[in-house]
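Open the model in your viewer and keep the selection tool at hand.

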Amino acid sequence: MGTGVIKRQTLLMAAIALSGIMALGVMTGCGSSSSSTSNDQSSGTQADQSSQSESTAQTETSQTAPVSEGTAQHPVIFTVNAPNYDGATCTRIPLAIVGTQTDGTAVSQTAYIDGQGKGLDLAAGTYTATVIASPLLADGSLYNLPVNNVISIVIPDNLAKDESYTVSSDSPIAFTVCDAASVTDDQIAAAYNAAAADSESASKADSLRDTATAHRDTALQARTDDEFIHVDSDYFYFDIPGSWGGSTVVTERIDGQTVYHVDDPDGTALLYIGIDGSQSKFDMTYCTVLQEGTTAAGEKVTMVYYDVARAKAADKVDDDKVTEVNTYLTSSAEDLLKASFQTK
């Protein structure tokens with residue numbers, strides 16, 4: 001074999017070997033790149049999982065963190081004295097709550113409680129509770145507002161979470177039932193408005209308001225029929241309250257003028273009714289004009305009330321003849337006289 005052939009074979013083998021080495025190097029390089037990419041992705045996934053775990057942990061911590069004792073709400077329980085109150089058929093009791101929490105937060109809200117004194121929650125602090133209006137009762141009755149209608153509430157800041165606070169029984173919410181015939185439209189409206197604003201009482205408000213109005217009107221009619229004396233003359237008519245027991249209506253002529261007066265049992269005049277000028281004969285020093293009118297014939301009619309208390313203070317009447325005027329002429333009686341006084 002010639003020298004040239006040998007050289008060519010040698011070069012061919014070297015080229016083959018070099019090609020194999022280069023191929024191995026490329027394979028090795030690709031494997032390293034793939035491994036590196038896989039490791040990077042694995043590291044990124046672990047980082048993401050770690051971040052999600054931390055976020056979840058933070059969320060769970062936020063959701064389960066205990067409420068600060070300074071803002072924790074405590075059930076407040078009152079003592080309630082409310083005759084004939086039934087929570088199933090009556091509206092709840094409306095309260096105005098004003099005060100300050102121990103953290104300095106001001107509080108002003110309307111709250112509603114039941115006959116057991118429950119329904120209000122407050123944080124530790126100092127407050128007052130005031131009854132806004134009567135609840136509406138099933139039988140149509142209303143309550144007078146409590147005589148002591150400002151109740152102090154002092155909730156200490158050392159109560160356990162959800163622990164209740166009971167207002168002293170020395171400060172009860174104590175109601176008395178109104179005289180049905182004396183209930184006013186304003187009282188009914190206040191009770192209705194409070195009930196209508198309460199989600200638990202609103203469905204009863206309309207029907208119970210109507211019941212209260214009918215109850216009042218029935219009582220007023222009965223009192224008018226049974227307890228009032230009807231006074232009728234040629235010039236006017238009106239009703240005297242039955243509480244003026246034993247009063248008499250006297251017709252008198254003064255300087256040729258007809259004067260009517262209502263006397264109490266002791267003979268002290270409580271009301272004067274003067275006709276067409278005779279009122280000028282009254283000593284108005286101790287009188288107050290209640291009502292004036294003109295008859296169809298043109299005569300002027302004046303009703304005046306004789307203020308016995310002022311006359312007594314001025315020593316214008318004898319003590320043994322004086323009956324305190326408020327025994328006879330209450331504000332409701334005065335309103336009645338004004339409303340019922342009619343000229344002819």
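This is a predicted model.

**Stop 1: the sheet.** Display the strands and pick out β4, β3, β6 and β8, in that order. These four strands make up an open sheet with antiparallel pairing. Strands β4 (106–113) and β8 (151–155) are the edges, each pairing on one side only. Ignoring direction, neighbouring strands of this sheet are turned by 25 degrees against each other on average.

Stop 2: Select residues 93–101, which are strand β3. Over how many bridges do β3 and β4 pair? The count is eight, in the antiparallel sense.

**Stop 3: two rings.** The structure holds one aromatic pair. Select Tyr 143 and Phe 175: the two rings are stacked, with 4.7 Å centre to centre and 15 degrees between the planes. Stacked is the label because planes under 30 degrees apart count as such.

Where do the two partners sit? Tyr 143 is in strand β7 (residues 143–144), while Phe 175 is in the loop between β10 (173–174) and β11 (176–177), so the pair ties together parts that are 32 residues apart in sequence.

**Stop 4: a charge over a ring.** Finish at Tyr 192. Arg 209 lies over the face of Tyr 192, 4.1 Å from the ring centre.

Technical notes:
Residues numbered from 1 in each chain as written. Predicted model: local features only at pLDDT ≥ 70, side-chain atom pairs only at ≥ 80, totals over all residues. Heavy atoms only, no water. Phe/Tyr/Trp six-rings, centres within 6.5 Å; stacked < 30°, edge-to-face > 60°. Helix = DSSP H or I, 4+ residues; strand = E, 2+ residues; numbered from the N terminus. Lys NZ or Arg CZ within 6 Å of the ring centre and 35° of its normal. Pairing = 2+ DSSP bridges. Axes fitted to C-alpha atoms, helices over the stretch in contact; angles between N-to-C directions.
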